[in-house]
Amino acid sequence: LANEIASLRARLVERRRNELQMEELKAQVAFDKEAYDQAVRRMRAQMARVDGVLPDVQIVTKPYAPLRPSFPQPLLTAAASLLLATMAGALIAWRPLLEAVRRPAEAPRTDTDVGRAPVVDRDIPRPTVTPGIHEAVVPQDATRGLGRRL
């Protein structure tokens, strides 16, 4: 009888151990089944997207690298720069005339009014004044530029 009780206890312990292993395996199977179901759902969603895209897309030719850049175009840039520079030069050259046209007729006109600096001839010797005498002394070659403004 003691042997039977001991063998029954051993079977009972073995059975409980097997039940615990079975519970662990069932939990692992449930986890794996959930992961599998999620993967199947994601795959079906991706396949639906791929199936939805494939009929709309058709490759006509293979892509190729362009031979030259599309922008900036050097010839167009040079032509535009030349045009803008010409326009700016014309505006600067004609500005004094435009100001003269816009100015009323009765206003006095001087060289500085039309946007130019006064004309100074650097070749004409200037009269020198000695500090004590206050008289103008003109060098001998001063007659060379008599027709020009001082």
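The model is a predicted one, and its mean pLDDT is 76, with 63% of the residues reaching 70 or more. Of the 150 residues in the protein, 5% are buried.

**Confidence along the chain**

- Confidence is highest in helix H1, where the mean is 90, and lowest in strand E2, which covers residues 136-137 and has a mean of 50.

**Surface and contacts of the whole protein**

- The accessible surface of the protein amounts to about 14,600 Å², and carbon and sulfur atoms account for 62% of that area.
- When contacts between residues at least 6 apart in sequence are considered, 24% of them join residues that are at least 24 apart.

**The loop between the helices**

- Helix H1 spans residues 2-53 and helix H2 spans residues 74-102, and Pro 72 is placed in the loop between these two helices.
- The peptide bond that leads from Phe 71 to Pro 72 is cis, with an omega near 0°.

**Salt bridges**

- One of the salt bridges joins the side chains of Glu 14 and Arg 17, with a distance of 3.4 Å from N to O.
- Glu 14 and Arg 17 both belong to helix H1, where they stand three residues apart, or about one turn of the helix.
- Glu 14 counts as partly exposed because its relative accessibility is 37%, and Arg 17 likewise counts as partly exposed, with a relative accessibility of 47%.
- The side chains of Glu 34 and Arg 41 also meet in a salt bridge, for which the distance from N to O is 3.7 Å.
- Glu 34 has a relative accessible area of 40%, so this residue is partly exposed.

- Leu 91, Trp 94, Leu 97 and Leu 98 together make a nonpolar surface patch of about 440 Å².
- Leu 98, one of the residues of this patch, is located in helix H2.
- The relative accessibility of Leu 98 is 44%, which means that this residue counts as partly exposed, since the partly exposed class lies between the 20% under which a residue is buried and the 50% over which a residue is exposed.

Terms used. Residues numbered from 1 in each chain as written. Predicted model: local features only at pLDDT ≥ 70, side-chain atom pairs only at ≥ 80, totals over all residues. Heavy atoms only, no water. Helix = DSSP H or I, 4+ residues; strand = E, 2+ residues; numbered from the N terminus. Salt bridge = Lys/Arg side-chain N within 4 Å of Asp/Glu carboxyl O. Buried < 20%, exposed > 50% of the residue type's maximum accessible area, 1.4 Å probe, protein only. Patch = residues over 30% accessible without salt bridge, like charges linked within 9 Å, V, L, I, M, F, W, Y side chains within 5 Å. Areas by Shrake-Rupley, 256 points an atom, 1.4 Å probe, with all protein chains shown as cover. Contact = heavy atoms within 4.5 Å. pLDDT = per-residue confidence, 0-100.
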